[in-house]
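Reader: Hi! Could you walk me through this model while I have it open on my screen?
Author: Happy to, ask away.

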Amino acid sequence: MRTGANYLGNGECEFTVWSPTLNSVAVQILTPQKQVIPLKPHREGYWQTKVNDVYPDTLYRYVLDGENAFADPASQYQPEGVHGPSQVVDPQFNWTDDNWTGVPLESMIFYELHVGTFTPEGTFTAIIPRLAELRELGINAIELMPIAQFPGDTHIEPTLAYRNWGYDGVYPFAVQNSYGTPADLKELVNACHQYGIAVVLDVVYNHFGPEGNYMGQFAPYFTKTYKTPWGNAMNFDDAHSQGVRHYFIQNALYWLGEFHIDALRLDAIQAIYDLGAKHFLWELAEAIHSFSQNANRKRYLIAESDLNNPQIIRPAELGGYGLDAQWSDDFHHALHALLTGDRQGYYQDFGQYAQLAKAYQDTFVYDWQYAPHRKRFHGISCRDRPPSQFSVCIQNHDQIGNQMKGDRLWERISFEGLKLAAGAVLLSPYLPLLFMGEEYGETAPFMYFVSHSDPDLIQAVRAGRKEEFEAFHYDEDPPDPESAETFLRCKLNWQLRNEGKHKVLLDWYRQLIDWRKTHPALLTQDRNSIQATSDEDKQIVIVRRASESSQVIFALNFNQSPITVTLPIEGTGHKRLDSADAQWAGFGSQAPDNLLVGQQLQLQPNSLVLYELD
């Protein structure tokens, strides 16, 4: 069963909805004139009918048990927002990406962006003129924060009406109306593929947003068995759960098939509770892999998880769920703590140079060690999985937004520290993720922002945001998430990328990405080819990476003063990258161009130097 309004052409539309506990369901056609047409019951709680003289752009609702009418849970477009009717969509689109074969996961360099703040217009199509610059930088995968329809105050100016990170979506099949139409999203994906850029879509299968959430009126989408930060959990293993599982699997296939999306990033999978014999994620991975086998290219599933559990990405034959990759927060936390000195909240578990060295070699810093912040043992070893199954970053929407004022690293650390951070991520063996504007040192914050119509909900969000920062012991309240000014301050300043040190930083990122893409030692994915050591006194981490034909070694100096070290090399090393060079607006390099065995090396404060070894 394909739920939703499936337009068949020639004015014929098939309406299907899952409502296993209702006695009757009818579709209410709102244009050009109101008519109510009963749906016929089918197996497993589905209702369906075909209606003639229904064309694209027709508005409709479902009438449940002859009483209240609601939008379609599988609505493909909500032109009037979360409280309005659904709209029939014509799926036809003139795709020109027939020759697109995708980007292999192990080669992806992700660029996470929020559609509403990435450009002044805040739309899908406004992204397209920026693709050339992203491609020139070396980006080959953009990751869109969630675009499922979320609420907004429709009584104000349209460009400000909808302000949300996207994780409050309530119609997973409907593209956010303030970002554009389904055809606009397809136009963006089509353009990305012309530029050789894959598209990753962030989807939320662990909860629905609090406003406009009418799903419970239709079916048991929720269970009281488990609680989440957002209320009752999604029903993945209770009575009637097969319909919920099918709903989300169908949603994943909808984005991959109908919109040619290349990969899905699954939000906070630790909040997807399923104690059944076959976990929902396992079933989802099977469906996606089957879809890929019947298509012309591979599609991927990437999980956000704080579990430090490789079972998520192990193949099913090894007892895993079979997802393709997962985020790894430990690398970010270890690097962030060293760069900023933060030790509050979850950063109290980090701050040692040996932890960053461990993150380079083992991925998880916590692989069944006691974590003071969690007050328990955490994680398990993932050394049986290749580094290309893990994505790392130094900035993303959460880690910036989790700063009370949404400050980016540009506001928090030195210019030398920014270059050091970039090198640490892009020279790692993992899949790197950049957050929009990071590459040139964007100064605009990325704060948490929402727009709700319920005054009680607005106050609850404000109180919840304040409570969230209590663990970090801030002295003041966070910016008002409901304020339009909060949203507007988060818009990118694109002109910065051509100015002063911002341009230098952009060129540094471009150089690092080029090295990452071309040097054999940095392309190797064998865990045994990576060695990392640290010195707590000198505040450095040294990483060696090797392939059959080449080796590189790089030192990360987090010290605020120059230090002298001896790199463990055999033969001669030839300097290839040095963030302290005048070319990169540094203090001036003191590192020799050619390094001999046992030769001492002076590193400038907060710098990175890389040598290629004979």
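Reader: Let's start with Asn206: buried or exposed?
Author: Asn206 is buried, as its relative accessible area is 0%. Buried stands for under 20% relative accessible area, exposed for over 50%, and partly exposed for what falls in between, using a 1.4 Å probe and protein chains only. Before we go on: this is a predicted model, where local features need pLDDT of at least 70 and side-chain atom pairs count only at pLDDT 80 or more, while totals for chains, interfaces and linings use all residues. Residues are numbered from 1 along each chain as its sequence is written, and side-chain values use heavy atoms, leaving out hydrogens and water.

Reader: Good to know. Where is Asn206 found?
Author: Look in the loop between strand S14 (198-203) and helix H6 (215-218). Helices (H or I, at least four residues) and strands (E, at least two) are DSSP runs, numbered from the N terminus.

Reader: And what does the side chain of Asn206 reach?
Author: The backbone oxygen of Asp267, at 2.6 Å. The side chain of Asn206 also has a polar contact of 2.4 Å with the side chain of His207. A polar contact is a pair of N or O atoms within 3.5 Å; within protein, one must be able to donate a hydrogen and the other to accept it, and residues adjacent in sequence count only if both atoms are side-chain atoms.

Reader: Nice. Which residues does UniProt give as "active site"?
Author: The unreviewed UniProt entry places that feature at Asp267 and Glu304. They are spread over 38 residues of sequence, yet they cluster in space, with a largest C-alpha distance of 5.3 Å. UniProt positions are in the numbering used here, feature names are shortened, and annotations may be inferred rather than shown by experiment.

Reader: Take Asp267, then: buried or exposed?
Author: Asp267 is buried, at a relative accessible area of 7%. Asp267 lies in the loop between strand S17 (263-266) and helix H8 (280-293).

Reader: What does Asp267 touch, leaving out residues up to four places away in sequence?
Author: With those left out, Asp267 touches Tyr167, Asp202, Val203, Val204, Asn206, His207 and Glu304. Contact here means heavy atoms within 4.5 Å.

Reader: And Glu304, where is that one?
Author: Glu304 sits in the loop between strand S18 (300-303) and strand S19 (325-327). Glu304 is buried too, with a relative accessible area of 12%. A polar contact of 3.0 Å links its side chain to that of Arg265. Leaving aside neighbours within four places in sequence, the residues in contact with Glu304 include Asp267, Trp327 and Asp398.

Reader: Which domain does UniProt list for residues 87-465?
Author: The unreviewed entry has "domain: Glycosyl hydrolase family 13 catalytic" there. Over residues 87-465 the chain is 32% helix and 15% strand, and the end C-alpha atoms are 34 Å apart.

Reader: Switching to helices: at what angle do H9 and H10 pack?
Author: Helix H9 (residues 329-340) and helix H10 (residues 353-362) pack at about 150°, with their axes 9 Å apart. That makes H9 roughly antiparallel to H10. Axes are lines fitted to C-alpha atoms, for helices over the stretch in contact, and angles run from 0 to 180 degrees between N-to-C directions. Angles under 35 degrees count as roughly parallel, over 145 as roughly antiparallel, 65 to 115 as roughly perpendicular and the rest as oblique.

Reader: Which residues of H9 and H10 meet?
Author: On the H9 side, Phe331, Ala334, Leu335 and Leu338; on the H10 side, Tyr353, Gln355, Leu356, Ala359 and Tyr360.

Reader: What about H9 and H13, what's the angle there?
Author: H9 and helix H13 (residues 415-426) pack at about 160°, with axes 11 Å apart. The contact is made by Phe331, Leu335 and Leu339 of H9 with Gly417, Leu420, Ala421, Ala424 and Val425 of H13.

Reader: One last thing: where does Trp508 lie, and is that residue buried or exposed?
Author: Trp508 lies in helix H16 (residues 500-518) and is buried, at 0% relative accessibility. A polar atom of the Trp508 side chain lies 3.0 Å from the backbone oxygen of Lys419.
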